[in-house]
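I am opening a notebook on this structure and writing down each thing as I look it up. The overall build comes before the details.

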Amino acid sequence: APTTTTGAPAMTSAAADTSQVYSVGRNEYGGLGDGTTTTSLVFKQVVSMSGAVGISAGYAHTFFLLGNATVWGVGFNIYGQLGDGSTENQRLPVRVLGLSTVTAVCGGMAHSLFLLANHSVASAGHNS
């Protein structure tokens with residue numbers, strides 16, 4: 001049974017008891033993290049992602065909070081909301097740059113918020 005789940009308008013991700021991550025649904029921007037942009041009707045394992053303790057979905061992007069307090073993101077990134085320093089959509093998880101003490105993540109429509117251990121908030125993406 002999943003220990004953590006999150007949903008977006010057309011996709012869902014779940015972390016299993018083994019800390020492996022699976023996703024299902026629409027995949028136009030690569031938000032399922034399986035390396036493709038092919039929609040899936042069955043859960044598929046997210047490539048190279050384990051140790052997840054939290055998951056957050058934005059509009060068409062997903063974040064994985066790992067036990068080491070780093071965050072990895074995948075999917076829609078045209079506004080830089082994955083925080084990887086690019087505006088390219090990502091089909092495989094990429095690390096959010098410059099953050100190493102994240103305690104919570106929230107993905108929005110075109111932005112993302114990261115709560116840090118010192119109770120400050122970092123953000124990435126659209127700012128208007």
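**Overall build**

I began with the order of elements, and from the N terminus on the protein chain runs β-β-β-β-β-β-β-β-β-β-β. The count comes to 0 helices and 11 strands, where helices (H or I, at least four residues) and strands (E, at least two) are DSSP runs numbered from the N terminus. I note that this is a predicted model, in which local features need pLDDT of at least 70 and side-chain atom pairs count only at pLDDT 80 or more, while totals for chains, interfaces and linings use all residues. Residues are numbered from 1 along each chain as its sequence is written, and side-chain values use heavy atoms, with hydrogens and water left out.

I then looked up burial: of the 128 residues of the protein chain, 48% count as buried, which is to say under 20% relative accessible area, with exposed meaning over 50% and partly exposed in between (1.4 Å probe, protein chains only).

**Cores**

Which residues have the most contacts inside the largest nonpolar core? I found Phe 63, Val 71, Val 96, Leu 99, Val 102, Val 105 and Phe 114, in a core of 13 residues; such a core is a set of buried Ala, Val, Leu, Ile, Met, Phe, Trp, Tyr and Cys residues joined through side-chain atoms within 4.5 Å. Strands β6 (61–66), β9 (102–107), β10 and β11 each supply at least two residues of this core. Apart from it lies another core, of 8 residues, among them Val 21, Ala 52, Ile 55 and Leu 66.

I also followed Val 105, which, not counting residues up to four places away in sequence, touches Ser 56, Phe 63, Leu 65, Val 71, Leu 113 and Phe 114, a contact being heavy atoms within 4.5 Å.

Strand β10 (residues 111–116) is antiparallel to β11, and 5 bridges join the two; strands pair if DSSP finds at least two bridges between them. In this hairpin, with 4 residues between the strands, His 119 takes a positive phi near 70 degrees, and I see His 111 opposite Gly 125 in β11.

My last entry is His 126, found in the segment after β11 (121–125). His 126 is partly exposed, since its relative accessible area is 34%. Leaving aside neighbours within four places in sequence, His 126 is in contact with Tyr 79, Ala 110 and His 111.
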